[in-house]
Amino acid sequence: MNLSYDALSQDEIVAQQATVPDWNVASGVLSREFETGSYLSNLQLTNLIADLAEKLNHHPDILLSYSKVTVTLTTHDASNKLTSYDFELARQINAAI
């Protein structure tokens, strides 16, 4: 895994986006909404994402509501630009669900 806090170019973002189906790039962030069917399931998903983020030491913004979980990724250490860490965490989340 070759991760960097360097901001990705637009071409690199397009290439990386192809590796994370169901994630969207808009307004400089990578995001995805999840709907599990219940608040408790959404809370469990949030905890799973938090565990993955902690292991990678890369922490997303997570919005938990009754009907959905919204995960937003950007790298604060790169002036809120997208980096390889954002896409790696998205891949790990996809693999875990």
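Q: Where is Thr75 found?
A: Thr75 is found in the loop between strand E4 (69-73) and H3; helices (H or I, at least four residues) and strands (E, at least two) are DSSP runs, numbered from the N terminus. This is a predicted model, in which local features need pLDDT of at least 70, side-chain atom pairs count only at pLDDT 80 or more, and totals for chains, interfaces and linings use all residues. Residues are numbered from 1 along each chain as its sequence is written, and side-chain values use heavy atoms, with hydrogens and water left out.

Q: Is Thr75 buried or exposed?
A: Thr75 has a relative accessible area of 1%, so it is buried (buried means under 20% relative accessible area, exposed over 50%, partly exposed in between, with a 1.4 Å probe and protein chains only).

Q: Which side chain does the side chain of Thr75 make a polar contact with?
A: That of Thr83, at 2.7 Å. A polar contact is a pair of N or O atoms within 3.5 Å; within protein, one must be able to donate a hydrogen and the other to accept it, and residues adjacent in sequence count only if both atoms are side-chain atoms.

Q: Now Ser84. Where is Ser84 found?
A: Ser84 is found in helix H3, which covers residues 84-96.

Q: What does its side chain reach at 2.7 Å?
A: The side chain of Ser84 reaches the backbone nitrogen of Ser4.

Q: And Ala18: buried or exposed?
A: Ala18 counts as exposed because its relative accessibility is 63%. Ala18 lies in the loop between helix H1 (10-17) and strand E1 (24-26).
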